[in-house]
Amino acid sequence: MQTSGSSADAPRSWHATTILTIRKNGRVVIAGDGQVSLGATIIKANARKVRRLGKGDVIGGFAGATADAFTLFERLEAKLEQYPAQLTRACVELAKDWRTDRYLRRLEAMMLVADAESTLVLTGTGDVLEPVRHVMGIGSGGNYALAAARALLDQPLDAETIARKAMAIAAEICVYTNDNLVIESLPSTRQDE
């Protein structure tokens with residue numbers, strides 16, 4: 001994900017990453033690659049962009065500027081403490097802050113978060129969206145991983161296997177994505193999968 005302006009005077013852009021979520025057959029998975037790049041240089045190959053939140057009952061992944069994402073994770077943790085077991089409410093409250101707070105508005109990141117019931121995409125424009133067919137990809141390789149995952153959904157594969165295959169395809173196509181994966185998963189209570 002490009003995180004700086006596009007003018008010729010702007011510093012070189014940070015690019016990162018691919019984050020993918022899949023909910024299928026009683027599991028929800030979020031997978032992320034480990035690459036962080038500055039221009040044409042790989043700065044780090046094993047960054048951890050996926051983690052557990054709350055009391056371990058929420059998983060999340062980010063694409064964008066790392067410091068910005070960690071700020072958002074901290075804010076979401078605070079909202080989860082304020083609204084326990086209410087991921088959607090916590091995300092809506094975070095999105096309100098993100099959109100209206102002068103400091104937070106400057107943060108350049110996107111997040112995927114999930115618990116047993118909900119999968120959500122959060123953006124700096126105030127969006128809190130539930131993905132179509134319980135699959136979503138964000139970041140520079142997000143569309144490649146999303147397309148691959150959607151193509152694999154009707155196969156007799158579990159969510160983690162689909163995530164691994166889709167992320168491998170994204171890593172083959174997107175130069176800002178590698179195959180050093182971090183995957184977190186939770187049981188899913190959704191019956192409409």
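Asp33 and Lys49 are joined by a salt bridge, with their closest N and O atoms 3.4 Å apart; the term stands for a side-chain nitrogen of Lys or Arg within 4 Å of a carboxyl oxygen of Asp or Glu. Asp33 sits in the loop between strand 3 (27–32) and strand 4 (36–38), and Lys49 in the loop between strand 5 (41–44) and strand 6 (50–53), so the pair ties together parts that are 16 residues apart in sequence. Helices (H or I, at least four residues) and strands (E, at least two) are DSSP runs, numbered from the N terminus. The model is a predicted one, in which local features need pLDDT of at least 70 and side-chain atom pairs count only at pLDDT 80 or more, while totals for chains, interfaces and linings use all residues. Residues are numbered from 1 along each chain as its sequence is written, and side-chain values use heavy atoms, leaving out hydrogens and water.

Both partners of this bridge can also be described by their accessibility. Asp33 counts as buried, with 0% relative accessibility, and Lys49 counts as buried too, with 2%. Here buried means under 20% relative accessible area, exposed over 50%, and partly exposed in between (1.4 Å probe, protein chains only).

Across the whole structure, the search finds eight salt bridges. One of them joins Arg51 to Glu77, the closest N and O atoms being 3.5 Å apart. This pair links distant parts of the chain, with Arg51 in strand 6 and Glu77 in helix 1 (residues 66–82), 26 residues apart. Arg51 is partly exposed, at 26% relative accessibility.

Next comes the salt bridge between the side chains of Arg52 and Glu184 (3.0 Å, N to O). Arg52 belongs to strand 6 and Glu184 to strand 12 (residues 182–187), so the pair ties together parts that are 132 residues apart in sequence. Arg52 is partly exposed at 35% relative accessibility, whereas Glu184 is buried at 12%. Arg48 joins Arg52 and Glu184 in a network of salt bridges.

Four bridges connect strand 6 to strand 7 (residues 58–64) in the antiparallel sense, and Arg51 has Gly60 of strand 7 as its bridge partner.

Notes: Pairing = 2+ DSSP bridges.
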